[in-house]
Amino acid sequence: MPSEVFSFELNGRETEVMAKPLATLGFVLREQLALRGAKAGCRQGGCGSCTVLVDGEPMLSCLLPVANVAGRSVATVEGMEGQDPLQKVFHERFAVQCGFCAPGMLMAARALLEHNQSPTREEIAEALVGNVCRCTGYQSIIDAIAEGAA
């Protein structure tokens with residue numbers, strides 16, 4: 001299958017990449033665009049560490065063909081660049097230890113708060129259901145998102 005040029009908005013900027021249509025967005029972000037925030041965790045869609053937002057909705061970049069984001073808006077954790085209060089509250093509330101799950105958690109939380117500015121703890125937990133954390137556990141992450149929403 002020959003490579004093609006795909007255009008999409010990435011963190012607010014128009015971006016073009018040449019890739020095979022079935023190359024995953026995660027691969028393109030990490031290997032071609034040197035954006036390493038979306039982690040290459042399980043590479044099977046089971047851990048959520050590769051979560052990005054596509055048109056504001058959380059999606060697993062390890063499963064998403066780059067062809068599917070052509071003409072769409074993609075946001076990665078790099079696009080937050082210290083501007084999002086969630087990053088600060090995650091740090092202050094010790095919501096991460098090793099940091100591997102943090103980008104996916106932050107992106108899932110950002111999507112939740114875009115749709116629901118005052119989520120309950122149950123709604124926060126439900127929004128994180130596809131994201132696995134093996135270090136911190138979920139209580140401090142839920143606490144941080146609840147505080148970030150307030």
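**Entry 1: ground rules**

I am working with a predicted model, in which local features need pLDDT of at least 70 and side-chain atom pairs count only at pLDDT 80 or more, while totals for chains, interfaces and linings use all residues. I number residues from 1 along each chain as its sequence is written, and side-chain values use heavy atoms, with hydrogens and water left out.

I take helices (H or I, at least four residues) and strands (E, at least two) as DSSP runs, numbered from the N terminus.

**Entry 2: the sheet**

I looked up the strand order first. Five strands form an open sheet in the order β2-β1-β5-β3-β4, with mixed pairing. Two strands pair if DSSP finds at least two bridges between them. I noted that β2 and β4 (57-60) are at the edges with a single partner strand each, so one side of each has no neighbour in the sheet. On average, neighbouring strands are turned by 40° against each other, direction ignored. For such angles, axes are lines fitted to C-alpha atoms, for helices over the stretch in contact, and angles run from 0 to 180 degrees between N-to-C directions.

Next I checked the partners of β1. β1 and β2 pair in the antiparallel sense over seven bridges, and Glu4 stands opposite Ala19 in β2. The hairpin of β1 and β2 has two residues between the strands, and Asn11 there takes a positive phi near 50°. β1 and β5 pair in the parallel sense over two bridges. Here Glu9 stands opposite Ser73 in β5, and Leu10 has Val74 of β5 as its bridge partner.

**Entry 3: helices on the sheet**

I then asked what α1 packs on. α1 packs on the sheet and touches β1, β2, β3 and β5, and its direction makes about 100° with that of β2. Contact means heavy atoms within 4.5 Å.

Which residues of α1 are buried? In helix α1 (residues 25-32) I found Leu25, Gly26, Val28, Leu29 and Arg30. Buried means under 20% relative accessible area, exposed over 50%, and partly exposed in between (1.4 Å probe, protein chains only). The cover over these residues includes β1 (4-10), β2 (13-19), β3 (51-54) and β5 (73-75). Ala34 follows α1 and has a positive phi, near 55°.

I also looked at helix α3 (residues 102-115), which lies across β3, β4 and β5 and runs at about 35° to β3.

**Entry 4: helix against helix**

I compared the axes of helix α2 (residues 85-92) and helix α5 (residues 139-149): they come within 9 Å and cross at roughly 135°. α2 and α5 are therefore oblique to each other. The cut-offs are under 35 degrees for roughly parallel, over 145 for roughly antiparallel, 65 to 115 for roughly perpendicular, and oblique for the rest. I listed Leu86, Val89, Phe90 and Glu92 of α2 against Ile141, Ala144, Ile145, Glu147 and Gly148 of α5. These contact residues divide into six nonpolar, one polar and two charged. Ala, Val, Leu, Ile, Met, Phe, Trp, Tyr, Cys and Pro count as nonpolar, Asp, Glu, Lys and Arg as charged, and the others, Gly among them, as polar.

The axes of α2 and α3 come within 10 Å and cross at roughly 125°, so these two helices are oblique as well. Leu86, Gln87 and Phe90 in α2 meet Met105, Leu106, Ala109, Arg110 and Leu113 in α3. I sorted this contact into six nonpolar, one polar and one charged residue.

In α5, I found Ser140, Ile141, Ile142, Ala144 and Ile145 buried. Their cover includes α2, α3 and α4 (121-127).

**Entry 5: two loop residues**

Is Pro119 buried or exposed? Pro119 is in the loop between α3 and α4, and counts as buried because its relative accessibility is 13%. Leaving aside neighbours within four places in sequence, I found Pro119 in contact with Leu112, Leu113, Ile124 and Ala149.

Leu22 is in the loop between β2 and α1. I noted 60% relative accessibility for Leu22, so Leu22 counts as exposed. Not counting residues up to four places away in sequence, Leu22 touches Met1 and Pro65. Leu22 and Leu112 are 90 residues apart in sequence and 28 Å apart in space, C-alpha to C-alpha.
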